Amino acid sequence: MRTPFDQFCKCLLEEFLSPLGEVQLNLGVLGEPHSVDVWFMPFSQATVNEASLGLLGYLVRTPCLIELFCNPPSSTEIRNCLLKLLLVQADLQRKAKREDKHLPDDELPRLWILTPTASRFQLGRFGATPNVDWLFPSIYFMPPSLSTAIAVLNDLPPTLETLWLRLLGRGVTQQQAIHEVLALPRDCPHRATALRSLADWKIAIEVSGEIDEEDREVVMTLTEVYQELLEQECEAERRGIEQGAEREAKTLVLRQLNRRVGELPEPIRVQINALPLAQLESLGEALLDFTKLADLEAWLAEQG
């Protein structure tokens, strides 16, 4: 059953990754009752720079499966993830063989298992160890033949590069990441997308009617996100009303001026279109005394 957290994680990844490649959620696997959480195939030429997603963008440079966990996965759950990867790889190789093509191992998808925490004992059972060539020791790689790594999200350092993955963590790590998103400049890439997904998650938790202590803490944090989105919507609505009033004022003033002083030269029209709403209203009153174009030009000159 899909939980609100599961839905949030998948929708957020879909929003983030869609500009970079093909994303499929809950992809069915031949011969397997369970589905892959996220399947990703990068475009040959993406329209968005993957570097803007930091570590997440780095993980999806090549075809991959992403399995998401809100609690540490058991050994059985990890084995099921590996089984799904092997079945997907085998299916791709069969298809390539039917087309008389060879699919080398380095072009097969790899598996990223994302979990908030993981015990050293559990990691050791699957031979998962940090890669010395990576900057983040909290990503543990299984033997190369398995093409799989486990990312322990709550152990990632609190940097902008890891922010979008830490949003998928739990507890204090996730709450800190939410506050970091709120603190980003409004024009920061992916900020608006993250806030919308977080607000949707808040609503989904409340609608579910089953709120445990951890969810209650998350909802309190997400309330700030929801409030900001409401403020942004009100501000956008206010700007829309002001812009609509300004357009109407310009249309009315230009029409009245054409009647009183004749056809307006293009430079004059440009000047009038650049006037703010308050000056347009003043011009609407002043033009009642205009009899020729020179009167309009003199009024515009007075405005500086």
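**View 1. Arg170 and the ring of Phe5.** The charged end of Arg170 lies over the ring of Phe5, 4.2 Å from its centre. A charge counts as over a ring if NZ of Lys or CZ of Arg is within 6 Å of the ring centre and within 35 degrees of the ring normal. The model is predicted: local features need pLDDT of at least 70, side-chain atom pairs count only at pLDDT 80 or more, and totals for chains, interfaces and linings use all residues. Residues are numbered from 1 along each chain as its sequence is written, and side-chain values use heavy atoms, leaving out hydrogens and water.

**View 2. Arg61 and the ring of Tyr58.** Arg61 sits over the face of Tyr58, 3.6 Å from the ring centre. Tyr58 also belongs to a cluster linked by ring pairs, together with Trp112, Trp134 and Phe141.

**View 3. The pair Trp112 and Phe141.** The whole structure holds 8 aromatic pairs. Rings of Phe, Tyr and Trp (its six-membered ring) pair if their centres lie within 6.5 Å; planes under 30 degrees apart are stacked, over 60 edge-to-face, and the rest tilted. The ring centres of Trp112 and Phe141 are 6.1 Å apart and the planes are at 75°, so this pair is edge-to-face. Trp112 is in strand 4 (residues 110-115) and Phe141 in strand 6 (residues 139-141), 29 residues apart. Strands are DSSP runs of E with at least two residues, helices runs of H or I with at least four, numbered from the N terminus. Trp112 is buried at 3% relative accessibility, and Phe141 is buried at 13%. Buried means under 20% relative accessible area, exposed over 50%, and partly exposed in between (1.4 Å probe, protein chains only).
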